[in-house]
Amino acid sequence: MDFITDILQYNYLSNALIACVLSGITCGIIGTYIVARRMVFLCGGITHASFGGLGIALYAGVNPIGGALIFATLSAMGIEWASDKGKIREDSAIGIIWSIGMAIGALFMSLTPGYTSGDLAGYMFGSIVTVTSQDITALGIFTLLCVIGTILWWRPIMYLAFDRDFAASQGIASRAASYILTVVVAITIVLAIRIMGIVLLLSLFTIPAVTANILSKSYAKITLLAAIIAVCGAVGGLVASYNWEIPPGTCIIFILTVALIAAKLLSLRSKKDKNAN
C-alpha cells in the first residue's frame, strides 16, 4: 500500500513506473526480433558502444542520452554495413565497435573537468528514479510507433528475423529493412538505458523473449508474451527495489530469471506428462 500511495504522491516514482511499463513493452517486442534473428551479441555491442556517445556528450556538456543515441545509431549502421558488404565478419565488427565505443567513452570522461565516477553510474547500472517527464514522452511515442509498426508489418519482420533470403523472395526489401530495424534496436537500447543501465540492459531484451519462446513457438504469441513478461518483470523489480532498497536493475533480472526457470520447469513437466501418457 505504501508503494501505491507514494506513486500518487511522488512524481519521480510515477515516472519510474510508467518507464517500466513502456520499456517492458518495447524491449519485449524488439527483444523477440533480436533473439529470433540471433542478434544478441550485436545488441550487446551497440549497448556498450553507446558508452562512447555518453562520454562525448558529457565532455561537451550536452544531454548524454542524445550523444548515446547518435553513437549507437551510427555503430549499429556501421556493423550492419560491414557485415552486409562482407568487408568484415559480423562478430569481428561487433567486437571492434564495442571496444572502440568503450575506449572513446573512457577517454572523454577522463578529459572532462571535474568528472567523478558517479556522473555516469546511473547510465552504467541504471537509475530509474532519474527518469524525467521528457524521457517518458520520448519513450511513450517510440513505444506507440513500435506497437503500430509491429501490428502492421509483423509478417515481414518475422520473415526478416528468421530468413532474409526468404524475405527477399517475398518482395521485401530485406537490406533496407534490416538497416531500419537495426536502427530501431539502437534507439530502443538508448531509451531503455536509464532503466537497466549499459551493463544490465541486455537481460531485458533476451530473458523475456527466451521465456516466451519456451511457452510458445508462434512468433506473434512470443512477441506478445515477451512484452507481458518484460512489463511484469520491470514493474515487479521496481516494487521489490522500493520495498527492499535494492537496485532496480538487479531486482528486475532476478525476477525475470525466476520466470525463465519456472517456464522451463513447466515445459519439462508438460513433456514428461505427455511421454507418460
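**How two helices meet**

Analyst: Start with a pair: helix α2 (residues 11-36) packs against α10 at an angle of about 145°, their axes lying 7 Å apart. Keep in mind that this is a predicted model.

User: Which way do α2 and α10 cross, right-handed or left-handed?

Analyst: Their crossing is right-handed.

User: And which residues make the contact?

Analyst: Here's the general idea: an α-helix has 3.6 residues a turn, so residues three or four places apart point the same way. Now look at the case here: α2 contributes residues including L13, A16, L17, C20, G24 and G28. From α10 come, among them, Y219, I222, T223, A226, A230 and A234.

User: How many nonpolar, polar and charged residues are in that contact of α2 with α10?

Analyst: You'll find 19 nonpolar ones, four polar ones and no charged ones.

User: What about the span of α10?

Analyst: Compare its span with the expected one. Helix α10 covers residues 219-244, 26 residues in total, and spans 36 Å from first C-alpha to last, close to the 38 Å expected at 1.5 Å a residue. Just past α10, E245 has a positive phi of about 55°.

User: What does the side chain of S23 reach?

Analyst: It reaches the backbone oxygen of A19 at 2.7 Å. Setting aside neighbours within four places in sequence, S23 also contacts L139, I195 and L204.

Key
Residues numbered from 1 in each chain as written. Predicted model: local features only at pLDDT ≥ 70, side-chain atom pairs only at ≥ 80, totals over all residues. Heavy atoms only, no water. Helix = DSSP H or I, 4+ residues; strand = E, 2+ residues; numbered from the N terminus. Expected span 1.5 Å × (residues − 1). Axes fitted to C-alpha atoms, helices over the stretch in contact; angles between N-to-C directions. Left-handed = near helix turned anticlockwise from the far one by under 90°. Contact = heavy atoms within 4.5 Å. Nonpolar A, V, L, I, M, F, W, Y, C, P; charged D, E, K, R; others polar. Polar contact = N/O pair within 3.5 Å; in protein donor to acceptor, adjacent residues only side chain to side chain.
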